[in-house]
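Thanks for passing this one along. Here are a few friendly notes to read beside the model.

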Amino acid sequence: MSGTASSRDARVARLRQARQADSTAKSARARAVVRDLLRAGQRISFARVAREAGVSTWFVYNQPAVKAAVRVAMSDQAHHGMEAAAAPRSERATPASLHVDLAFAREQIQDLKRERDGLKRRVQLALGAEIDNVARADLVSRIQDLEHRNRVLATDLSEARARAERLAEQHREAEETVASLRLALRKAIRPVP
(Lines give C-alpha, C1' and ligand atoms only; values in the text may rest on other atoms or scores of the structure.)
Protein backbone atom coordinates (compact mmCIF):
# COMPACT_ATOMS: atom_id res chain seq x y z
CA MET A 1 0.00 0.00 0.00
CA SER A 2 2.76 2.45 0.86
CA GLY A 3 4.38 1.75 -2.54
CA THR A 4 1.08 2.46 -4.28
CA ALA A 5 0.47 5.58 -2.19
CA SER A 6 3.96 6.97 -2.87
CA SER A 7 3.59 6.18 -6.58
CA ARG A 8 0.22 7.92 -6.63
CA ASP A 9 1.67 10.90 -4.73
CA ALA A 10 4.51 11.13 -7.26
CA ARG A 11 2.04 11.09 -10.17
CA VAL A 12 -0.08 13.76 -8.51
CA ALA A 13 3.01 15.89 -7.90
CA ARG A 14 4.04 15.57 -11.58
CA LEU A 15 0.51 16.52 -12.67
CA ARG A 16 0.56 19.56 -10.39
CA GLN A 17 3.95 20.63 -11.74
CA ALA A 18 2.76 20.26 -15.34
CA ARG A 19 -0.41 22.21 -14.58
CA GLN A 20 1.63 24.95 -12.87
CA ALA A 21 4.06 25.15 -15.80
CA ASP A 22 1.14 25.39 -18.23
CA SER A 23 -0.47 28.12 -16.14
CA THR A 24 2.82 30.05 -15.94
CA ALA A 25 3.29 29.84 -19.71
CA LYS A 26 -0.26 31.03 -20.36
CA SER A 27 0.20 33.94 -17.93
CA ALA A 28 3.41 34.98 -19.64
CA ARG A 29 1.74 34.83 -23.07
CA ALA A 30 -1.20 36.91 -21.88
CA ARG A 31 1.04 39.58 -20.33
CA ALA A 32 3.11 39.70 -23.54
CA VAL A 33 -0.09 40.27 -25.52
CA VAL A 34 -0.98 43.17 -23.20
CA ARG A 35 2.48 44.74 -23.77
CA ASP A 36 2.23 44.24 -27.55
CA LEU A 37 -1.25 45.79 -27.72
CA LEU A 38 -0.08 48.78 -25.67
CA ARG A 39 2.95 49.32 -27.94
CA ALA A 40 0.76 49.03 -31.04
CA GLY A 41 -1.74 51.51 -29.59
CA GLN A 42 -4.62 49.06 -29.94
CA ARG A 43 -7.57 48.84 -27.61
CA ILE A 44 -7.12 46.38 -24.74
CA SER A 45 -9.95 44.27 -23.35
CA PHE A 46 -10.14 41.04 -21.41
CA ALA A 47 -11.69 39.21 -24.36
CA ARG A 48 -9.09 40.47 -26.83
CA VAL A 49 -6.17 39.54 -24.59
CA ALA A 50 -7.67 36.07 -24.10
CA ARG A 51 -8.26 35.59 -27.84
CA GLU A 52 -4.80 36.75 -28.90
CA ALA A 53 -3.01 34.83 -26.14
CA GLY A 54 -4.96 31.66 -26.94
CA VAL A 55 -6.41 31.33 -23.45
CA SER A 56 -9.93 31.53 -22.08
CA THR A 57 -11.41 34.76 -20.74
CA TRP A 58 -11.98 32.86 -17.50
CA PHE A 59 -8.22 32.38 -17.28
CA VAL A 60 -7.55 36.11 -17.86
CA TYR A 61 -10.06 37.11 -15.18
CA ASN A 62 -8.86 34.52 -12.66
CA GLN A 63 -5.09 34.95 -12.89
CA PRO A 64 -4.30 37.87 -10.58
CA ALA A 65 -1.15 38.97 -12.45
CA VAL A 66 -2.85 38.88 -15.86
CA LYS A 67 -6.01 40.54 -14.58
CA ALA A 68 -3.95 43.32 -12.97
CA ALA A 69 -1.92 43.86 -16.17
CA VAL A 70 -5.09 44.16 -18.26
CA ARG A 71 -6.71 46.55 -15.77
CA VAL A 72 -3.59 48.75 -15.60
CA ALA A 73 -3.32 48.83 -19.41
CA MET A 74 -7.02 49.67 -19.78
CA SER A 75 -6.63 52.42 -17.18
CA ASP A 76 -3.58 53.83 -19.02
CA GLN A 77 -5.50 53.86 -22.28
CA ALA A 78 -8.44 55.64 -20.63
CA HIS A 79 -6.13 58.28 -19.09
CA HIS A 80 -4.19 58.87 -22.30
CA GLY A 81 -7.18 59.41 -24.53
CA MET A 82 -8.07 55.92 -25.78
CA GLU A 83 -11.38 54.75 -24.42
CA ALA A 84 -11.33 51.14 -23.41
CA ALA A 85 -15.09 50.78 -23.74
CA ALA A 86 -15.42 52.28 -27.23
CA ALA A 87 -14.08 49.86 -29.78
CA PRO A 88 -13.24 51.09 -33.26
CA ARG A 89 -15.66 49.96 -35.95
CA SER A 90 -13.10 47.46 -37.27
CA GLU A 91 -12.84 45.79 -33.83
CA ARG A 92 -16.55 45.54 -33.02
CA ALA A 93 -17.90 42.06 -32.63
CA THR A 94 -19.47 40.75 -35.79
CA PRO A 95 -21.71 37.70 -36.01
CA ALA A 96 -18.86 35.82 -37.67
CA SER A 97 -16.42 36.69 -34.87
CA LEU A 98 -18.99 35.72 -32.27
CA HIS A 99 -19.47 32.38 -34.05
CA VAL A 100 -15.72 31.84 -34.03
CA ASP A 101 -15.58 32.67 -30.31
CA LEU A 102 -18.48 30.28 -29.68
CA ALA A 103 -16.81 27.51 -31.67
CA PHE A 104 -13.57 28.11 -29.77
CA ALA A 105 -15.41 27.99 -26.44
CA ARG A 106 -17.18 24.77 -27.44
CA GLU A 107 -13.87 23.22 -28.44
CA GLN A 108 -12.38 24.18 -25.08
CA ILE A 109 -15.39 22.70 -23.29
CA GLN A 110 -15.00 19.44 -25.22
CA ASP A 111 -11.30 19.34 -24.38
CA LEU A 112 -12.06 19.90 -20.71
CA LYS A 113 -14.72 17.18 -20.76
CA ARG A 114 -12.29 14.72 -22.35
CA GLU A 115 -9.66 15.64 -19.76
CA ARG A 116 -12.22 15.25 -16.96
CA ASP A 117 -13.30 11.82 -18.28
CA GLY A 118 -9.69 10.69 -18.57
CA LEU A 119 -8.96 11.81 -15.02
CA LYS A 120 -12.10 10.06 -13.80
CA ARG A 121 -10.98 6.81 -15.41
CA ARG A 122 -7.54 7.15 -13.86
CA VAL A 123 -9.02 7.76 -10.41
CA GLN A 124 -11.35 4.77 -10.81
CA LEU A 125 -8.44 2.54 -11.82
CA ALA A 126 -6.33 3.81 -8.94
CA LEU A 127 -9.14 3.23 -6.46
CA GLY A 128 -9.79 -0.23 -7.89
CA ALA A 129 -6.11 -1.14 -7.55
CA GLU A 130 -6.10 0.20 -4.02
CA ILE A 131 -9.16 -1.87 -3.12
CA ASP A 132 -7.56 -4.95 -4.70
CA ASN A 133 -4.38 -4.55 -2.67
CA VAL A 134 -5.93 -3.59 0.65
CA ALA A 135 -9.05 -5.69 0.89
CA ARG A 136 -7.99 -8.99 -0.70
CA ALA A 137 -7.25 -10.69 2.65
CA ASP A 138 -10.47 -9.30 4.13
CA LEU A 139 -12.45 -10.51 1.12
CA VAL A 140 -10.97 -14.02 1.34
CA SER A 141 -11.80 -14.16 5.04
CA ARG A 142 -15.34 -12.89 4.38
CA ILE A 143 -15.88 -15.44 1.59
CA GLN A 144 -14.69 -18.29 3.82
CA ASP A 145 -17.03 -17.12 6.58
CA LEU A 146 -19.95 -16.95 4.15
CA GLU A 147 -19.18 -20.43 2.79
CA HIS A 148 -19.12 -21.84 6.34
CA ARG A 149 -22.44 -20.14 7.15
CA ASN A 150 -23.87 -21.48 3.90
CA ARG A 151 -22.89 -25.07 4.86
CA VAL A 152 -24.42 -24.62 8.33
CA LEU A 153 -27.64 -23.26 6.84
CA ALA A 154 -27.77 -26.10 4.28
CA THR A 155 -27.45 -28.64 7.12
CA ASP A 156 -30.16 -26.85 9.12
CA LEU A 157 -32.41 -26.85 6.07
CA SER A 158 -32.03 -30.58 5.47
CA GLU A 159 -32.73 -31.28 9.16
CA ALA A 160 -35.81 -29.02 9.04
CA ARG A 161 -37.07 -30.85 5.94
CA ALA A 162 -36.57 -34.21 7.64
CA ARG A 163 -38.50 -32.95 10.71
CA ALA A 164 -41.24 -31.59 8.46
CA GLU A 165 -41.56 -34.97 6.74
CA ARG A 166 -41.73 -36.78 10.11
CA LEU A 167 -44.37 -34.35 11.36
CA ALA A 168 -46.35 -34.74 8.15
CA GLU A 169 -46.23 -38.53 8.54
CA GLN A 170 -47.31 -38.25 12.20
CA HIS A 171 -50.14 -35.95 11.10
CA ARG A 172 -51.34 -38.49 8.51
CA GLU A 173 -51.18 -41.30 11.08
CA ALA A 174 -53.09 -39.15 13.60
CA GLU A 175 -55.77 -38.39 10.99
CA GLU A 176 -56.07 -42.12 10.17
CA THR A 177 -56.34 -42.93 13.89
CA VAL A 178 -59.02 -40.26 14.38
CA ALA A 179 -60.93 -41.54 11.35
CA SER A 180 -60.79 -45.16 12.56
CA LEU A 181 -61.85 -44.09 16.09
CA ARG A 182 -64.84 -42.21 14.64
CA LEU A 183 -65.83 -45.25 12.65
CA ALA A 184 -65.52 -47.51 15.68
CA LEU A 185 -67.52 -45.03 17.76
CA ARG A 186 -70.32 -44.95 15.18
CA LYS A 187 -70.42 -48.75 15.11
CA ALA A 188 -70.51 -48.85 18.90
CA ILE A 189 -73.33 -46.28 19.11
CA ARG A 190 -75.68 -48.14 16.65
CA PRO A 191 -76.18 -51.45 18.49
CA VAL A 192 -77.39 -49.75 21.64
CA PRO A 193 -81.14 -49.31 21.04
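Which residues have the most contacts inside the largest nonpolar core?

1. They are Val 34, Ile 44, Val 49, Val 55, Val 60 and Val 70, in a core of 15 residues. At least two residues of this core come from each of α1 (2-40), α2, α3 (57-62) and α4 (64-79). (A nonpolar core is a set of buried Ala, Val, Leu, Ile, Met, Phe, Trp, Tyr and Cys residues joined through side-chain atoms within 4.5 Å; buried means under 20% relative accessible area, with a 1.4 Å probe and protein chains only; helices are DSSP runs of H or I, at least four residues, numbered from the N terminus.)

2. A word on the source: this is a predicted model, where local features need pLDDT of at least 70 and side-chain atom pairs count only at pLDDT 80 or more, while totals for chains, interfaces and linings use all residues. Residues are numbered from 1 along each chain as its sequence is written, and side-chain values use heavy atoms, leaving out hydrogens and water.

3. Do look at Arg 48 in helix α2 (residues 46-53). Arg 48 has a relative accessible area of 10%, so it counts as buried. Its side chain makes a polar contact (here, N or O atoms within 3.5 Å, one able to donate a hydrogen and the other to accept it) with the side chain of Gln 42, at 2.4 Å.

4. Ser 45 sits in the loop between α1 and α2, and its side chain reaches the backbone nitrogen of Arg 48 at 3.1 Å. Ser 45 is buried too, at 12% relative accessibility.

5. After α2 comes Gly 54, with a positive phi near 75°.

How values were computed: Buried means under 20% relative accessible area, exposed over 50%, partly exposed in between (1.4 Å probe, protein chains only).
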